[in-house]
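Hi,

Here is the structure I promised to pass on.

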Amino acid sequence: MKLAGALGLALALALTAACTRPRSPPHDAVRSEHKEPSATPAELAAALGVPAESLLAAGRERYGRAAYDSARVIWGAEVARAGAAGDSAAVARARMWLGLAAWQLTDYPAARREGEAALAMKRRLGLDAELSRSYNALGLLAWNEGRHRDALESFDSAGTTARRNGDRAGAARAAANVPLVQAELGDYDAARRGFAAARAAGRALGDSLLEANALANAAMLEIRLGNAEPAIGMLADARAEYAAIGNEARQANVLGQLATAWRTLGDLQRAIVLADSGVVMARGLGLQQEVAAELEVLADLHFQAGSPRLALGRLAEADSMDTRLGLAEEHAINLRRRSAILLDMGEVGPALGAAREALDVHRRGDARAEMIYDRIQLGDALAHGGDSAAARAQVDSAAADAARIGSMTAVRDAAGMGALLALQAGDARGALRRLSHITNDAYDWAVPDIRAGALLRLGRLADAQAEAERAVANLERERASLGTGPLRAGYFASRAGPVSRLVSVLLARHDTAGAFAVAGSVAGRSLEERAARGDREGPEADGGSRAAPEQMLQRIQLLEEERSDAGVKGGAAELREQLDRALVTARMSYEEFLARHAAPAGLDQHRISVAAVQSLLAD
């Protein structure tokens with residue numbers, strides 16, 4: 001059987017979905033060159049309406065509003081002021097905050113330079129009570145750079161010094177960041193406990209940002225583990241909490257996480273709208289790293305929707321940002337995404353090279369969870385290249401590691417690829433055995449499709465038909481979520497495998513009419529839906545119920561284009577604010593519409609009947 005299409009694509013989609021993650025706990029931001037203030041510290045303080053000695057606090061106020069460039073300029077002036085006054089302790093504090101601003105702006109070399117300098121100064125000056133924040137900042141930097149062991153050491157030092165000085169808030173901040181690293185290392189149980197403890201600590205301390213971050217990060221972990229439904233509720237709560245404290249940067253990240261969750265559940269249109277909104281919000285805030293994250297989600301969505309070339313374009317734009325920002329681990333995940341897309345397009349050699357490179361990068365960074373998905377993707381590419389023994393070795397290794405870390409999503413994906421390889425080798429019983437313990441495939445079409453193929457080979461035709469129909473139903477659920485348009489029209493172009501399987505099963509059961517109906521439903525689906533829609537609604541029906549989502553999406557797109565033009569023209573702050581408000585209203589209307597008109601769990605396929613076709617044929 002052909003190895004592409006059915007499982008190769010679906011597993012690639014699942015493995016990229018599992019890896020979407022927030023780029024930094026408090027905020028995400030853009031690289032920016034540090035500019036020395038053109039005014040003197042005294043002049044800047046006067047312009048801000050604060051005493052010169054309050055520049056540090058003024059910078060922190062802007063930092064809390066995600067105005068990182070402004071905070072950076074203010075703290076640069078504070079370094080100059082404190083240095084001229086001979087106040088070394090104030091210089092150390094300002095340099096630490098300068099490092100944090102540089103980290104938020106993803107200027108990692110400056111973040112490391114300022115952070116390490118501040119830590120050294122604090123040690124020399126005996127500022128023991130202030131070491132915790134410096135260690136914590138350096139830990140976050142190491143986490144973003146994929147230096148997981150260094151990050152854990154820094155967080156441990158941050159917690160130790162905070163507890164030594166009775167700093168409950170500092171100890172809570174350090175403890176809240178540890179599970180981020182644990183998740184990357186595949187210690188999911190510890191990460192889940194850590195996020196729950198961080199949320200409780202934030203609530204006890206009255207720290208709304210810490211509490212919201214812990215909830216959003218816990219939701220991210222649930223999505224990674226395949227628990228998208230509870231994660232959606234958690235993200236909705238986190239989004240509301242961020243809105244209450246005015247943190248737009250984290251709201252943008254939550255939109256990307258929500259998009260990933262809805263994509264996992266097969267609601268592609270809702271996911272695309274959320275991810276598009278996240279891109280617009282991140283661009284408006286100047287958060288290049290978050291823009292890259294949202295573009296990666298969009299790349300996954302377009303790939304899943306059957307547009308690999310569009311996905312490659314989105315991915316190339318995102319990866320150029322990640323590479324420029326020095327994010328090696330994100331670049332490696334993008335390599336794996338690229339491998340999956342290229343493999344789907346028949347480019348086996350480049351796909352194999354990208355998968356190997358992704359695994360090498362993650363191995364150097366000790367990113368164990370990512371290595372599981374790298375091996376699955378590499379096994380898929382090796383199988384396409386004809387090296388079945390090497391493919392099985394990679395997938396078996398991935399399966400063992402997935403079981404070790406307890407990720408049911410990774411276990412399912414590794415089992416699915418292993419089953420496909422077994423089926424390709426003619427071992428139908430072995431394929432079924434590998435899938436026997438998989439239960440988390442309610443929204444998946446690849447695993448039931450493989451089961452159908454194995455059952456068909458074993459002659460268990462009734463069971464094969466049930467699995468094949470489930471696979472096609474899940475495909476249809478995804479396609480139906482796209483609304484009308486080019487994405488929906490081209491969806492089945494790369495999804496013919498499960499439909500063909502169902503046709504084969506029906507023919508094996510001598511149900512020629514049923515096979516004909518299934519086969520005819522794909523090519524004629526667009527025309528058939530238009531006719532069926534007209535029959536059901538008629539000229540007097542409420543046509544707005546069908547047209548509403550498409551009109552809403554078009555309005556959102558037009559508003560986004562107008563907003564972008566307003567930003568380029570300059571001098572249009574009032575217009576931009578009006579468009580921002582209109583965009584928020586339009587997006588909320590669309591989300592409310594989706595909530596009110598949720599698709600039913602069942603499938604309405606509207607297949608073409610043999611009788612209907614016969615009635616149109618000449619004698």
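By contact I mean heavy atoms within 4.5 Å. This is a predicted model, with local features needing pLDDT of at least 70, side-chain atom pairs counting only at pLDDT 80 or more, and totals for chains, interfaces and linings using all residues. Residues are numbered from 1 along each chain as its sequence is written, and side-chain values use heavy atoms, leaving out hydrogens and water.

On to the helix pair. Helices are DSSP runs (H or I, at least four residues), numbered from the N terminus. Glu329, Ile333, Arg336, Ser339, Ala340 and Leu343 of helix 17 meet Glu370, Tyr373, Asp374, Gln377, Asp380, Ala381 and His384 of helix 19. By class, that contact has five nonpolar, three polar and five charged residues (nonpolar being Ala, Val, Leu, Ile, Met, Phe, Trp, Tyr, Cys and Pro; charged Asp, Glu, Lys and Arg; polar the others, Gly among them). The axes, lines fitted to C-alpha atoms over the stretch in contact with angles from 0 to 180 degrees between N-to-C directions, come within 10 Å and cross at roughly 25°. Helix 17 and helix 19 are therefore roughly parallel (angles under 35 degrees).

Lastly, Arg364 in helix 18 is exposed at 67% relative accessible area.

Cheers

Note on methods: Helices (H or I, at least four residues) and strands (E, at least two) are DSSP runs, numbered from the N terminus. Angles under 35 degrees count as roughly parallel, over 145 as roughly antiparallel, 65 to 115 as roughly perpendicular and the rest as oblique. Buried means under 20% relative accessible area, exposed over 50%, partly exposed in between (1.4 Å probe, protein chains only).
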